[in-house]
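Please open the structure in your viewer and keep the selection panel at hand. The stops below say what to select next and what is there.

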Amino acid sequence: FVNLQTVRHGFPYQPSAMAFDPVQKILAVGTQNGSLRLFGRPGVECYCQHDNGAAVIQLQFLINEGALVSALADDSIHLWNLRQKRPAILHSLKFNRERITFCHLPFQSKWFYVGTERGNIHIVNVESFTLSGYVIMWNKAIELSSKAHPGPVVHISDNPIDEGKLLIGFESGTVVLWDLKSKKADYRYTYDESGKQEELKESWRKGTVKAFSYVKLCCSPLAKSRQAIHSVAWHHEGKQFICSHSDGSLTIWNVRSPAKSAQIITPHGKSKTFILLQILSTAGQTPFLCK
C-alpha cells in the first residue's frame, strides 16, 4: 500500500504571497514552503509545488491570459501555464548576483520588472522569459539626490495614465519617477521631516515642550529609519501617489511637485521616535541639540 494525499482542506499553511486575476476570477496563494494554491469558483482549486521548495515572495498574474509569474526567495522567477488541466512551469530564470526584492508586471505588458536588493531594476521579456538588457541602475536613478545608497527596491509601478512612466520606491525613503523611453528620471521625491523638526525645536525653545531632547535627523539612526518606505500606491488619475513609512506616517505627493510632500498624515498618532525621546527626557536627561 502507498499513502497518497488526495484532499487538502482549509487555507494554505504559512501563506507568503497572493495575487488575483479580476477577469478570470482566480486567486493564487503562495506559501513559505514553495507550494502554490489556485482557487476558482466554489469547490474548484488546484495545488502546485515548486521543485526547490523555496518560499514564494511574490505572485503576478498575466491578466486574462491564463498565466502566472512567481518569484521565490532563492532569487528565481517562474512562468506558469494555467491553460492546461495540470498547471506547469513553462520558463524559469535565476538571478545569481542580485537578490530579488520586488516585481511588477503592468497590465497587458510583455515586460516584467524585477527590483533587487542592490537597488537595480532588471527588465524581463515575459514571452521569451529572457533579460532584455535594459537595466535601471540605482546610481543613475537617484543621481545627486543622495550620496548614500538608497537601499533595496521596495516598490515598482507604472503610472495609471502613462505606462511609459515608472514609479520606483527605495527602502531609504527615496522615490523616483523614471521615464522608460528617455532612460532618465523625471522627478525624485525624498521624505524630509525638517519642517516638523523645526517646529519641535521651536517648541522646545519656547518651553511649550518641557525637557524635550531634540535630536536632529542626521544625528539619530532611529529617526533615519522613520523615512523607510513600506509601500506606495497611485491615485487613479496618475497625478498623485501615497507612501507609507516605517513610523506609521503617510505622505501624499503631487507628481509635478517633488520638492515637498503635499500632505503628511499620522493616523496612529505620535511616532515611536518622538515617544522614545519624550521618555528619555522625562527620565532626567539633559536636552541637547546636534549640529
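The tour goes from sheets to single residues and then to charged pairs.

**Before you start**

This is a predicted model, in which local features need pLDDT of at least 70 and side-chain atom pairs count only at pLDDT 80 or more, while totals for chains, interfaces and linings use all residues. Residues are numbered from 1 along each chain as its sequence is written, and side-chain values use heavy atoms, with hydrogens and water left out.

**Stop 1: the sheet that begins with E1**

Select strands E1, E2, E3 and E4, which form an open sheet of four strands in the order E1-E2-E3-E4, with antiparallel pairing. Strands here are DSSP runs of E with at least two residues, and helices are runs of H or I with at least four residues, both numbered from the N terminus; two strands pair if DSSP finds at least two bridges between them. At the edges stand strand E1 (15-21) and strand E4 (45-49), each of which pairs on one side only. From one strand to the next the twist averages 15°, where axes are lines fitted to C-alpha atoms and angles run from 0 to 180 degrees between N-to-C directions.

Then pick Lys25, which is found in the loop between E1 and E2. Although Lys25 is not a glycine, its phi is positive, at about 55°. With 53% relative accessibility, Lys25 counts as exposed (exposed means over 50% relative accessible area, buried under 20%, and partly exposed in between, with a 1.4 Å probe and protein chains only).

**Stop 2: Asp75**

Go on to Asp75, in the loop between strand E6 (67-72) and strand E7 (76-81). Its phi is near 65°, a positive value in a residue other than glycine. Is Asp75 buried or exposed? Asp75 is buried, with a relative accessible area of 7%.

**Stop 3**

Select Ile121, which is found in strand E11 (residues 121-125) and counts as buried at 0% relative accessibility. Leaving aside neighbours within four places in sequence, Ile121 is in contact with several residues, among them Tyr113, Val114, Tyr134, Val153 and Ile168, where contact means heavy atoms within 4.5 Å. Ile121 and Tyr134 are 13 residues apart in sequence, and their C-alpha atoms are 8.6 Å apart in space.

Next select Val126, whose place is in the loop between E11 and strand E12 (130-136). At 5% relative accessibility, Val126 counts as buried. Which residues does Val126 touch, not counting those up to four places away in sequence? They are Leu62, Leu79, Leu105, Lys110, Trp111 and Phe112. Val126 and Lys110 are 16 residues apart in sequence, with 5.2 Å from C-alpha to C-alpha.

**Stop 4: charged pairs**

Side chains of opposite charge can pair when their charged atoms come close. A search of the whole structure finds five salt bridges, a salt bridge being a side-chain nitrogen of Lys or Arg within 4 Å of a carboxyl oxygen of Asp or Glu.

Show the side chains of Glu143 and Arg188, which meet in a salt bridge with 3.2 Å from N to O. Glu143 lies in the loop between helix H1 (138-142) and strand E13 (153-159) and Arg188 in strand E16 (residues 184-190), so the pair ties together parts that are 45 residues apart in sequence.

Then show Lys165, Asp179 and Asp186, which are linked in a network of salt bridges. The side chains of Lys165 and Asp179 meet at 2.5 Å, N to O. Lys165 lies in strand E14 (residues 162-170) and Asp179 in strand E15 (residues 174-179), so this pair ties together parts that are 14 residues apart in sequence. Asp186 forms a salt bridge with Lys165, their closest N and O atoms being 2.5 Å apart. Lys165 is buried, with a relative accessible area of 17%, whereas Asp186 counts as partly exposed at 29% relative accessibility.

**Stop 5: the sheet that begins with E17**

Finish by selecting E17, E18, E19 and E20, an open sheet of four strands in the order E17-E18-E19-E20, with antiparallel pairing. Strand E17 (229-234) and strand E20 (263-265) stand at the edges with a single partner strand each, so one side of each is left without a neighbour in the sheet.
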